[in-house]
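Please open the structure in your viewer and keep the selection tool at hand. The tour goes from stop to stop, saying at each one what to select and what is there.

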Amino acid sequence: SGAVSIIGSAVIGCSAGDGGATNTLATDLNVTDSTISSCNATRGGAVYVHSGSASLARSTISNCIATESGGGLYSAGGRTTLSDGTLISGCLAQEGRSVFLLAGEVSYTLPAPAGRWLPNARCEVYRKACAYGNDFYGNPSPKQAACLEHREDCALTDSDAIEPSSDEKEAACRRHDSDKEEACLELVEAPWYCQNTTNVQPCNWQDDSSLLGQNLYQLPLLPVDQDFPFACAAGLLGSADPKEQSSSSCAGRCPAGSQCPTEATYEALPCDAGHYCPKGTSVPLPCPAGSYSNATDLAAPEACTLCDEGHACTTGSVAPTPCSPGSNASGLGNARCELCAQGYYQSEAGQAACVRCAAGKFCPSGSTRELDAQCSPGTYANVTDADGDPECLECPAGSSCAGGGAAPAVC
């Protein structure tokens, strides 16, 4: 019996039969601002709670192994409280990779780590309905009106008395959110008429009144095989705010123009250049062929820029690519450049059109310059025809023809 505290420490590589790092038996264990990693055991790779209590706040259990059950935590009894961003991740076991709850009580008090969530509800006192009735005119009697007015205040009061003391009322007021606390404190001297508690309560506030007003998750008697608390899915934006950690929707879909590429993302990343990111993006989508963008905040394909004239843009382009010599691209939005046709050439890059081959010149498809016609001596090149190959004709009478691309010379 007694109490054991582990504060600001790192426990690494420990092993045991039950509880690789700690085994709580009729003891109060307090782990704060600490890490337990790479430990192993038969049950409870890191923590085993048999009886007593265990509290882990702002701490991490990671990469621990149980050969049977409870890779991170095994509860055989007692009361275990996880809180303030405590995380169990990367642990292994045949059953309950993170948590195995055989008996006892295990709860998690928010906030969870940023980017994670748990189904949760506010811990409060369930009380019977106000039953003081109405007056002759059908309006709530003074006692009924006071009971109804202070229903929420009484839900945060750990007293069994119908009229709690001023100190008990003040403690209840301070469990309210800040926007209700001040108004509550102004009425601590007024009668509240709190009703008796019901048999079923949502949390164990009787043993720990500090839970009142807190958002917490009471674990069922089922193994937990995911990292705990649960990670927000890729494409969703996580949060450190407990108000946005209550469901698998987390803080909602990733904002348009941004990406949330991995689980537990709580800070959206800019979209990739050459891509666009609609709302809820986990993998950016490429700008369509014929368009480009170097911006990192696009939300739709229409926001991509059409490729410039004389340039080509393949899918996901960050910038237009100039057409190489011997090719061209006319108009906007081209996905590829076209080779110059036979009879045309282009000697410069980034051009919208090719140039007609001159008379007596040879320009096959994709030409970057004009070539001299290959006419034999005694013939000369006619004007280049449509296929780009000049026609060689016999030298006219009274002229000499040197061949190649030379014009006839008068004798």
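This is a predicted model, in which local features need pLDDT of at least 70 and side-chain atom pairs count only at pLDDT 80 or more, while totals for chains, interfaces and linings use all residues. Residues are numbered from 1 along each chain as its sequence is written, and side-chain values use heavy atoms, with hydrogens and water left out.

**Stop one: two cis peptide bonds**

Select Pro229, which is found in the loop between β17 (215–218) and β18 (230–231); the helices (H or I, at least four residues) and strands (E, at least two) named on this tour are DSSP runs, numbered from the N terminus. The peptide bond that leads from Phe228 into Pro229 is cis, with omega near -5 degrees. Next select Pro111, in the loop between β14 (99–109) and β15 (116–117), where the bond from Leu110 to Pro111 is cis with omega near 15 degrees.

**Stop two: positive phi**

Move to Asp33, in the loop between β5 (27–32) and β6 (35–37), and look at its backbone: phi is positive, about 50 degrees, although Asp33 is not a glycine. Asp33 is partly exposed, with a relative accessible area of 41%; here buried means under 20% relative accessible area, exposed over 50%, and partly exposed in between (1.4 Å probe, protein chains only). Then select Ser38, in the loop between β6 and β7 (40–43), where phi is near 55 degrees, again a positive value in a residue other than glycine. Ser38 counts as partly exposed, at 40% relative accessibility.

**Stop three: aromatic rings**

How many aromatic pairs does the structure hold? There are eight, where rings of Phe, Tyr and Trp (its six-membered ring) pair if their centres lie within 6.5 Å, and planes under 30 degrees apart count as stacked, over 60 as edge-to-face and the rest as tilted. One of them joins Tyr132 and Tyr193, edge-to-face, at 5.5 Å centre to centre with 65 degrees between the planes. Tyr132 lies in the loop between β16 (121–122) and α1 (142–149) and Tyr193 in the loop between α4 (178–185) and β17, so this pair ties together parts that are 61 residues apart in sequence. Another edge-to-face pair is Phe136 with Tyr137, 5.3 Å centre to centre and 85 degrees between the planes, and both of these residues are exposed.
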